[in-house]
Amino acid sequence: MLQVRDLHKSYSGTEVVRGVSFGVAAGECYGLLGPNGAGKTTTLRCCLGLTASDAGTITLAGLPVPAAARAARARTGVCPQFDNLDPDFTVAENLVVYGRYFGIARRVMLERVPRLLEFAGLEDKAASRLDTLSGGMKRRLTLARALVNDPQIIFLDEPTTGLDPQARHLIWDRLKGLAASGRTLILTTHFMDEAERLCDRVGIMDRGSLIAESAPRALIGAQIEPHVVEIFGDGVREFARDAAPRYAQRVEVTGETAFCYCRDAAPLLEALQGQTALRALSRAANLEDVFIKLTGRDIRD
């Protein structure tokens with residue numbers, strides 16, 4: 001459904017996408033992850049034909065981009081990072097009017113609206129104005145709007161940013177339903193638990209390059225020790241320097257927390273029993289650990 005080969009893009013002499021290549025199969029949920037400035041947005045804009053690349057080839061929904069970008073976008077749905085719904089229209093009108101961008105007749109859209117509202121859990125909000133909706137409702141409406149043209153492939157740019165846990169779980173449920181129906185999903189998110197939960201495969205970008213790609217559990221197994229012990233409290237830096245390396249394969253200190261990566265966490269946890277000033281959290285390694293290891297802990301603006 002999407003094939004990207006050796007993609008390059010520069011702005012003002014700075015290369016922001018450096019030879020990126022990846023493919024997404026039909027019915028797959030693919031996560032494109034990376035810190036701010038990694039090149040994700042530029043890559044996806046090139047995939048949609050919204051930004052011209054400097055080199056490389058892109059095929060979207062079986063069509064070459066940018067040569068047939070308009071036709072490819074007609075087969076594509078996009079859920080942007082920020083809701084850009086029209087406040088002058090009701091919930092149902094937002095869907096009907098958006099359908100006109102795809103040349104869908106009003107009669108056809110009126111037939112589709114009940115199904116789209118049911119998908120969004122907004123059946124009783126058809127005539128409501130946008131200022132009466134919660135943030136979660138608006139996000140679900142934006143997701144439903146991305147489906148007005150019955151797309152084969154859907155781009156989701158941080159679909160749950162700013163939502164409370166209940167709304168996030170509802171959006172996850174809807175996305176899982178789309179994947180189960182055979183739709184192809186391309187997801188960007190800063191929530192690693194979201195990517196680990198939803199994605200069949202993830203690609204991690206940093207400084208314009210794709211630096212890792214695989215199924216989430218495969219990446220975790222290949223990159224990180226299976227157990228992580230987070231230690232915090234008075235004297236944590238001294239413990240991390242003097243004692244933790246005897247029990248952990250890797251130790252990283254960030255702020256007032258020591259992250260100890262272990263093949264076996266039991267000896268470290270036993271050593272902590274006598275450290276009354278320290279507290280510890282033992283957990284399994286996750287995708288966020290992989291992300292931090294590959295891209296670093298420095299803040300990106």
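I began with aspartate 150, which is partly exposed because its relative accessible area is 46%; I take buried as under 20% relative accessible area, exposed as over 50% and partly exposed as in between, with a 1.4 Å probe and protein chains only. I am working on a predicted model, in which local features need pLDDT of at least 70, side-chain atom pairs count only at pLDDT 80 or more, and totals for chains, interfaces and linings use all residues. Residues are numbered from 1 along each chain as its sequence is written, and side-chain values use heavy atoms, with hydrogens and water left out.

**Backbone entries**

I placed aspartate 150 in the loop between H5 and S7, where its phi is near 50°, a positive value in a residue other than glycine. For element names I follow DSSP runs numbered from the N terminus, with helices being H or I of at least four residues and strands being E of at least two. I then looked up arginine 207, which sits in the loop between strand S9 (201-206) and strand S10 (209-214) and has a phi near 50°, again positive in a residue other than glycine. Arginine 207 counts as exposed because its relative accessible area is 54%. I also noted a cis peptide bond from valine 65 to proline 66, with omega near 15°, and found proline 66 in the loop between strand S5 (63-65) and H2. I kept these entries because most residues other than glycine have a negative phi, and most peptide bonds are trans.

**Helix H5 and leucine 141**

How many of the 11 residues of helix H5 are buried? I found eight, so that the helix, residues 135-145, is mostly covered. The buried residues are Gly136, Arg139, Arg140, Leu141, Thr142, Leu143, Ala144 and Arg145. They pack against S6, H3, helix H4 (106-120), strand S7 (153-157) and helix H6 (165-180), where contact means heavy atoms within 4.5 Å.

Within H5 I looked up leucine 141, which counts as buried because its relative accessibility is 0%. Not counting residues up to four places away in sequence, leucine 141 touches Leu85, Val91, Leu95, Ala120, Leu122, Leu130 and Leu133.

**Threonine 188**

I located threonine 188 in strand S8, residues 184-188, and it is buried, with a relative accessible area of 2%. Leaving aside neighbours within four places in sequence, I list Leu32, Leu44, Leu156, Asp157, Glu158 and Pro159 as the contacts of threonine 188.

**Rings and charges**

I recorded three aromatic pairs in the structure. In one, the rings of phenylalanine 22 and tyrosine 30 have their centres 5.3 Å apart and their planes at 5°, so the pair is stacked. My terms here are that rings of Phe, Tyr and Trp (its six-membered ring) pair if their centres lie within 6.5 Å, and that planes under 30 degrees apart count as stacked, over 60 as edge-to-face and the rest as tilted. Phenylalanine 22 is buried at 2% relative accessibility, and tyrosine 30 is buried at 0%. I also noted one aromatic cluster, formed by Tyr98, Tyr101 and Phe102.

For charges over rings, I found arginine 168 over the face of phenylalanine 191, at 4.2 Å from the ring centre, and arginine 250 over the face of tyrosine 261, at 4.1 Å from the ring centre. The test asks that NZ of Lys or CZ of Arg be within 6 Å of the ring centre and within 35 degrees of the ring normal.

**Pockets**

Which residues lie nearest the centre of the largest pocket? I found Arg73, Val78, Tyr98, Tyr101 and Phe102 among the 19 residues of its lining. A pocket, on a 1 Å grid over the protein atoms alone with a 1.4 Å probe, is an open set of points with protein on both sides within 12 Å along at least five of seven lines, and lining residues have an atom within 4 Å of a point. The elements giving two or more residues to the lining of the largest pocket are helix H2 (69-73), strand S6 (76-79) and helix H3 (91-100).

I next took the second largest pocket, where 21 residues form the lining and Phe291, Ile292, Gly296, Arg297 and Asp298 are the closest to the centre. Strand S13 (257-262) and helix H11 (287-295) each supply at least two residues of that lining, and H11 gives the largest share, five residues.
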